[in-house]
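Thanks for coming. I will take one model today and go through it residue by residue, then site by site. Please look at it first.

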Amino acid sequence: MSEAFENLLRETREFPPPAEFAANANVTAEAYDAAAADRLAFWEQQARRLDWATEWDQVLDWSGAPFAKWFVGGRLNVAYNCLDRHVEAGLGDRVAIHWEGEPGDTRTLTYADLHRLTCQAANALTDLGVTAGDRVAIYLPMIPEAAVAMLACARIGATHSVVFGGFSADALASRIADASAKVVITADGGYRRGKPSALKPTVDEAVKRSPSVEHVLVVRRTGQDVSFAGTDHWWHETVETASPEHTAQPFDAEHPLFILYTSGTTAKPKGILHTSGGYLTQTAYTAHAVFDLKPATDVYWCTADIGWVTGHSYIVYGPLANGATQVMYEGTPDTPHKGRFWEIVDKYQVSILYTAPTLIRTMMKWGDDIPAGYDLSSLRLLGSVGEPINPEAWMWYREHVGHDALPVVDTWWQTETGSMMISPLPGVTAAKPGSAMTPLPGIVADVVDDQGQSVPNGGGGYLVLREPWPSMLRTIWGDDARFVDTYWSRFEGMYFAGDGAKKDADGHIWLLGRVDDVMLVSGHNISTTEVESALVSHPSVAEAAVVGATDPTTGQAIVAFTIPRGTVDTDGAAGEALISELRDHVARTLGPIAKPRQIMLVPELPKTRSGKIMRRLLRDVAEHRTLGDVTTLQDSSVMDLIASGMGGGKSDED
Ligand code: 6R9
């Protein structure tokens, strides 16, 4: 790509924190000054939030860059920091997890309960021959045992590799093989969309092809029939009968904590490796600073799946290191009805909600009357993660969920960064809808052009990180060369995130989507995000995905897939009229260069299990190709729906 990104979208709204929120915030503007004055001393101070068995001798060893060592010489146990120390401090009776099953069954686990189960699981894993450094694959639904399994691995120094419960046997087998996992922890099944969905048969198929696997631990969740082999063990017969006594040993700060696979753009998934001390320091700090977590009074809910990095950092490690009380929900947001999320907020008096733009846009599609039917007055802070949040989705979230008053924090980060990197501080920042605003204290981010030069305010380019950070990935498991090549070779001495971004007139950062998705239209680099945001700003649109399709005249042309809001009439002539109105609306909002060549009205968009739109598949549709790799697609029937619309009348071409 030769030019910096076009800067087309203007946004003038700005929302300072409510005075009372600012007055009581955990973190004030001083944190930026402290970190700017001495970044390493700042992180050293944050590391003191944790209990260390041995202090570090050096905060950061960057001499082997880009291979970092944080808190060199320090020793700690991650599970001890998430559980034991809270119990020892007399907080054993505090609820750690309010669990809500999809069918409506519930469980309440206190810190003492979670501690006991984790100790039992640690003993059971040890009995199965798992020792420090071994890898354990976890393939579970959203049940408390998922957190217990992760913490038990952390407790004994085994490295966990959580694989999304929706992935195929192939995907699971390749991840087991890549990490040579010795044990798999799974369940008979879980509940999704109102019915039990089996997991064990997928594991059976994967394990058949996985010579490294010695044992499979199976949680009974749904009670459905499963076949049992000699290597299989029921969780309730092993873990729940094991001794609840277990003394956690400290491990080196750089001891591997987990591997998490991200698919990226190429076929072979990358095993992102995270280690212990730096990772826990930054997840604990950011949960405290960005969620303004007050563990004694808040009820926090992150709606992500535990198989996504958001579940690792902001269901398990960050909140538990802070001693927080949280909600964990097994199922989908529309089972048994579209108000389920708001019913849960109301029932548990959730005060901090962390969710994804895809969910917010889905809720917009379903209609304002649904959240209006519930008491959401317990909420005091809203967060977003996973994709750029369109300004209109941000506004909807604030107005219809946040009683038109609550701070919204749009948090940019990646599996690779381990924790939040760019986000408002809710008690400090006057947030602009759609902007992740500024790097958090202790983080040095920038937007650079093709040559790696910092772009001026108003300019667009590539998002980079200029300094190492505690929760950074340490490598790609088993592939140091790919680690260096993917993240550290594009720009000298900087981490290349793979995202486009721009700085507005005030220097605030706006994410523009993955650079692989950028469209080159008549020599202009146009971001998918800005065109999507322009579409979503139309009152008839709930969600949109745009892609660049080869075009004989303009190089690439913009093709938009658009989901109308629930009440909009899209039949026949009404649909045609809406399409031409939307094309004009984009041209008016962003300029004629961004006018889509074609707009399709569709009922759904292809998304990954973590809710990210798979534009690659839409490009295949737009260019009339057969579909590429669909293994990470959440619901494959969606593509049939979209493709069948392609030939029909719901398009408009000049
Ligand atoms: C945490 C997570 C990382 C990619 C990232 C970017 C996109 C995440 C975002 C965002 C704009 C935000 N992304 N948060 N884009 N604004 N607030 O999502 O990790 O699954 O590894 O995805 O997601 O493109 O590079 P991961």
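The side chain of Thr 411 makes a polar contact of 2.6 Å with the side chain of Tyr 354. A polar contact here is a pair of N or O atoms within 3.5 Å; within protein, one must be able to donate a hydrogen and the other to accept it, and residues adjacent in sequence count only if both atoms are side-chain atoms. This is a predicted model, in which local features need pLDDT of at least 70 and side-chain atom pairs count only at pLDDT 80 or more, while totals for chains, interfaces and linings use all residues. Residues are numbered from 1 along each chain as its sequence is written, and side-chain values use heavy atoms, with hydrogens and water left out.

Staying with Thr 411, a polar atom of its side chain also lies 2.9 Å from the backbone oxygen of Ser 384. Thr 411 sits in the loop between strand S20 (408-410) and strand S21 (445-448). Helices (H or I, at least four residues) and strands (E, at least two) are DSSP runs, numbered from the N terminus. Is Thr 411 buried or exposed? Its relative accessibility is 2%, so Thr 411 counts as buried. Buried means under 20% relative accessible area, exposed over 50%, and partly exposed in between, with a 1.4 Å probe and protein chains only.

Next, the ligand. It is surrounded by 17 residues, and the closest are Trp 308, Asp 410, Thr 411, Thr 415 and Asp 499. A residue is near a molecule if one of its heavy atoms lies within 4 Å of it. The backbone of Thr 411 has a polar atom 2.8 Å from a nitrogen atom of the ligand. A polar backbone atom of Gly 386 is 3.1 Å from a ligand nitrogen, and an N or O atom in the side chain of Lys 612 is 2.9 Å from a ligand oxygen. On its own the ligand has 530 Å² of accessible area, and the protein covers 92% of that. These areas come from the Shrake-Rupley method with a 1.4 Å probe. Helix H11 (309-321) and strand S25 (509-514) each supply at least two residues of the shell.

Now the second largest pocket. Its space is about 770 Å³. A pocket, on a 1 Å grid over the protein atoms alone, is an open set of points where a 1.4 Å probe fits, with protein on both sides within 12 Å along at least five of seven lines; lining residues have an atom within 4 Å of a point. Grid points are joined across faces, edges and corners, and the volume is the space filled by probe spheres set on the points. There are 40 lining residues, and those closest to the centre are Arg 192, Arg 193, Pro 333, Leu 359 and Gln 634.

Which element gives the largest share of that lining? Helix H13 does, with 5 residues. H13 spans 357-366, and 10 of its 10 residues are buried, so the helix is largely enclosed by the rest of the structure. Among them are Leu 359, Arg 361 and Trp 366. Gly 367 follows H13 and has a positive phi, near 115°.

Last, one more loop residue. Thr 332 is in the loop between strand S17 (325-329) and helix H12 (340-348), and is buried at 2% relative accessible area. Thr 332 and Arg 193 are 139 residues apart along the chain, yet their C-alpha atoms are separated by 6.1 Å.
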